[in-house]
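Good morning, and thank you for making the time. Please take a look at the sequence and the model, and I shall then go through the contacts and the cores.

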Amino acid sequence: MEILVKLFGEGEMLSVLQMSSRGALMFLIMLVLIRISGRRSFGVRTALDNIIAVSLGAIMSRAVVGASPLFPVVVCCLVIVLLHRAVGRLIAASKKFSRVVEGDKILLFEDGVFLKEHMKRALVCQEDLMQGVRKSALTEDMEKIKKVYMERNGEISVIRK
């Protein structure tokens, strides 16, 4: 037990070695937690997925700097990861639940018309939409574009004619 205290320290007065040891341990624990959480955590990037990244970072940092005990932090992070996984499964299983949690895509442009009310709802201006078109469709010619959507994750996607 004394070796663990020397290696990981106690409380907030940690040496460089102790904080580094905690950081390395938390890195390994995060690898396991991310595997449990699934690829969705860092692939889809919806609001739900951002919540897990921010929450885990904030909570785990407390263990690294000694502001909170290690074991309760790891358990808390495991609970968050399991909740994320459960909500992800519910989203995949239920279209209705998916819409409640993540919303729906918003049509911003269709057949030569910028849909101003939809753009207002999506909080984007015409230049934001055009930036998405240039990036996604590699053109500025709106005659070549059938539809433009703001996806649930905030990205702008384009359907060409």
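This is a predicted model: local features need pLDDT of at least 70, side-chain atom pairs count only at pLDDT 80 or more; totals for chains, interfaces and linings use all residues.

Residues are numbered from 1 along each chain as its sequence is written, and side-chain values use heavy atoms, with hydrogens and water left out.

To return to that pair, arginine 152 sits in the loop between strand 3 and strand 4 and glutamate 102 in helix 6 (residues 95-102), so the two tie together parts that are 50 residues apart in sequence. Helices (H or I, at least four residues) and strands (E, at least two) are DSSP runs, numbered from the N terminus. Glutamate 102 is buried, with a relative accessible area of 10%, whereas arginine 152 is partly exposed at 33%. Buried means under 20% relative accessible area, exposed over 50%, and partly exposed in between, with a 1.4 Å probe and protein chains only.

The structure holds 5 salt bridges. Another joins glutamate 110 to lysine 147, with the closest N and O atoms 3.7 Å apart. Glutamate 110 belongs to strand 1 and lysine 147 to strand 3, so this pair links parts that are 37 residues apart in sequence. Glutamate 110 is partly exposed, at 28% relative accessibility. Salt bridges with shared partners also join Glu127, Arg134 and Glu140 into one network. Arginine 99 pairs with aspartate 104, where the closest N and O atoms are 3.2 Å apart. Arginine 99 is partly exposed at 42% relative accessibility, and aspartate 104 is partly exposed at 40%.

Which residues have the most contacts inside the largest nonpolar core? They are Leu108, Leu129, Val133, Met142, Ile145 and Val148, in a core of 16 residues. By nonpolar core I mean a set of buried Ala, Val, Leu, Ile, Met, Phe, Trp, Tyr and Cys residues joined through side-chain atoms within 4.5 Å. At least two residues of this core come from each of strand 1 (106-110), helix 7 (116-122), helix 8 (126-137), strand 3 (145-150) and strand 4 (156-160). Helix 8 gives the most to this core, with 4 residues. Another core, of 12 residues, lies apart from it and includes Ile29, Ile52, Val73 and Cys77.

Leaving aside its neighbours within four places in sequence, methionine 142 is in contact (heavy atoms within 4.5 Å) with Phe109, Phe114, Leu129, Met130, Val133 and Val148.

Glutamine 126 is also in helix 8, and is partly exposed at 35% relative accessibility. Beyond its neighbours within four places in sequence, glutamine 126 is in contact with Phe114, Lys116 and Met119. Its side chain makes a polar contact with the side chain of lysine 116, at 3.3 Å. A polar contact is a pair of N or O atoms within 3.5 Å; within protein, one must be able to donate a hydrogen and the other to accept it, and residues adjacent in sequence count only if both atoms are side-chain atoms.

Two loop residues deserve a remark on backbone geometry. Most residues other than glycine have a negative phi. Leucine 123, however, has a positive phi of about 60 degrees although it is not a glycine. Leucine 123 is in the loop between helix 7 and helix 8, and counts as exposed at 76% relative accessibility. Leucine 138 likewise has a positive phi, of about 55 degrees. Leucine 138 is placed in the loop between helix 8 and strand 3, and is exposed, with a relative accessible area of 72%.

Finally, serine 21. Is serine 21 buried or exposed? Serine 21 counts as buried, at 13% relative accessibility. Serine 21 lies in helix 2 (residues 16-37) and, leaving aside its neighbours within four places in sequence, is in contact with Leu7 and Phe8.

Note on methods: A salt bridge is a side-chain nitrogen of Lys or Arg within 4 Å of a carboxyl oxygen of Asp or Glu.
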